[in-house]
Amino acid sequence: MNRPVQHLVHLDVPATPAQLLAAAALPAHTPAGLVGDTPVLWIGEPFTAPGHGFWAKLEGRNPGGIKDRPALHMVRAARDRGDLRPGARIVESTSGTLGLGLALAGVTYGHPVTVVTDPDIEPLMTGMLTAHGAEVVVVDTPHPEGGWQQARRDKVQELLAAHPGSWCPDQYNNPDNVAAYRPLAHELIAQLGRIDALVVSVGTGGHSAGIAGVLRGYFPHLRVVGVDTTGSTIFGQPATFRLMRGLGSSIYPRNVDYRLFDEVHWVAAPEAVWAARALATSRYASGGWSVGAVALTARWLAATTPPETRITAVFPDGPQRYIGTVFNDDYCHTHDLLGHLPPEHPDEISHPAERTVTRWTRCRTVLDPLAPSTTPADLRDLAEATR
């Protein structure tokens, strides 16, 4: 009688049961213990050209995304200084991700949280915020000059006045936002050893400054590539309509460290959608607007540098909150986001105020629009561009 072939699986049995925990995540006694030590994933072909690729830091593996890190750090630092009293309310403006981090910090440290957002927030994000105990306040009218972002910040001031003793992290200008990302930079060094180039999105300026500042200290020749969205003012373009959330700004966050950047890329919404969707189907790792824009830029950088160049790109979140937008065909058809295959190379301008960009564009001149060192000619160019 023929017996079926048995496939034996060899198991390495540790000498002691404690060794079973060596490769496992440590137990977390508080929700804050779930944050950090996120993995890196190789992003290669077919998303990239054969023989080229980059490493992606998957910050979507945090409970709420990359901004869990600054939310916890800003709250902890404010408590240590006495700026945030026990049980006091936290009030902040956010497009969503920082709100999740603040909800996490509120649960961890015992603070009620109010987040101020605008009508473009995804229903899923509103649901997640309220499920985790945050109060969500939606402004209904954009500021005539600063848009929704300034309208949210004005509302924050109203709420702070209405709740004596409450505290606002002010993520746009709080140096603790920058300091919170030092551990992420240290994780990257431990995971990759050498890093030649960093591709990072820019919104409040926190994670770009925090990560690049540390890495540049270890790798003086590090190439830092900032990724912004069309319609954003951060790098000297005029403020126009912005569909993408999570990167870009209609104000000038002072946490942006312009000295660190070697170049900036502006990416349009259809280009970010193409990249995010291509990532999801080719590498099973994706995210929303920021991830798509960063991945598109890192893909180009990998294709235009020697294969041995070690590039890391920071993916701020995962795809979950974008199921109704980036990954929704009806939404994308409504906003004409599909069927736009991005070019292999970005357009290029020599000065950020050379012209208003509407597609993926690169600029190797990086200026702080509000810096005293910006020349009168630069200011005239910026003023002309915003007329």
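Here is a short chat about a predicted model.

Visitor: Why is Thr 361 called buried?
Guide: Its relative accessible area is 1%, and buried means under 20%, so Thr 361 counts as buried. You'll find Thr 361 in strand β11, residues 361-363.

Visitor: What is Thr 361 in contact with, leaving aside its neighbours within four places in sequence?
Guide: Val 264, His 265, Trp 266, Pro 346, Asp 347, Glu 348 and Ile 349.

Visitor: Why is Glu 354 called partly exposed?
Guide: Glu 354 has 39% relative accessibility. Buried is under 20% and exposed is over 50%, so Glu 354 lands in between and counts as partly exposed. Look for Glu 354 in the loop between β10 (347-349) and β11.

Visitor: Which side chain does the side chain of Glu 354 make a polar contact with?
Guide: That of Arg 355, at 3.3 Å.

Visitor: How far apart are Glu 354 and Gln 237?
Guide: In sequence, 117 residues; in space, 8.9 Å from C-alpha to C-alpha.

Visitor: And the largest nonpolar core, how many residues does it have?
Guide: That core has 40 residues, and Phe 47, Val 199 and Trp 289 are among those with the most contacts inside it. Helix α9 gives the most, with 10 residues.

Key
Residues are numbered from 1 along each chain as its sequence is written. This is a predicted model: local features need pLDDT of at least 70, side-chain atom pairs count only at pLDDT 80 or more; totals for chains, interfaces and linings use all residues. Side-chain values use heavy atoms; hydrogens and water are left out. A nonpolar core is a set of buried Ala, Val, Leu, Ile, Met, Phe, Trp, Tyr and Cys residues joined through side-chain atoms within 4.5 Å. Buried means under 20% relative accessible area, exposed over 50%, partly exposed in between (1.4 Å probe, protein chains only). Helices (H or I, at least four residues) and strands (E, at least two) are DSSP runs, numbered from the N terminus. Contact means heavy atoms within 4.5 Å. A polar contact is a pair of N or O atoms within 3.5 Å; within protein, one must be able to donate a hydrogen and the other to accept it, and residues adjacent in sequence count only if both atoms are side-chain atoms.
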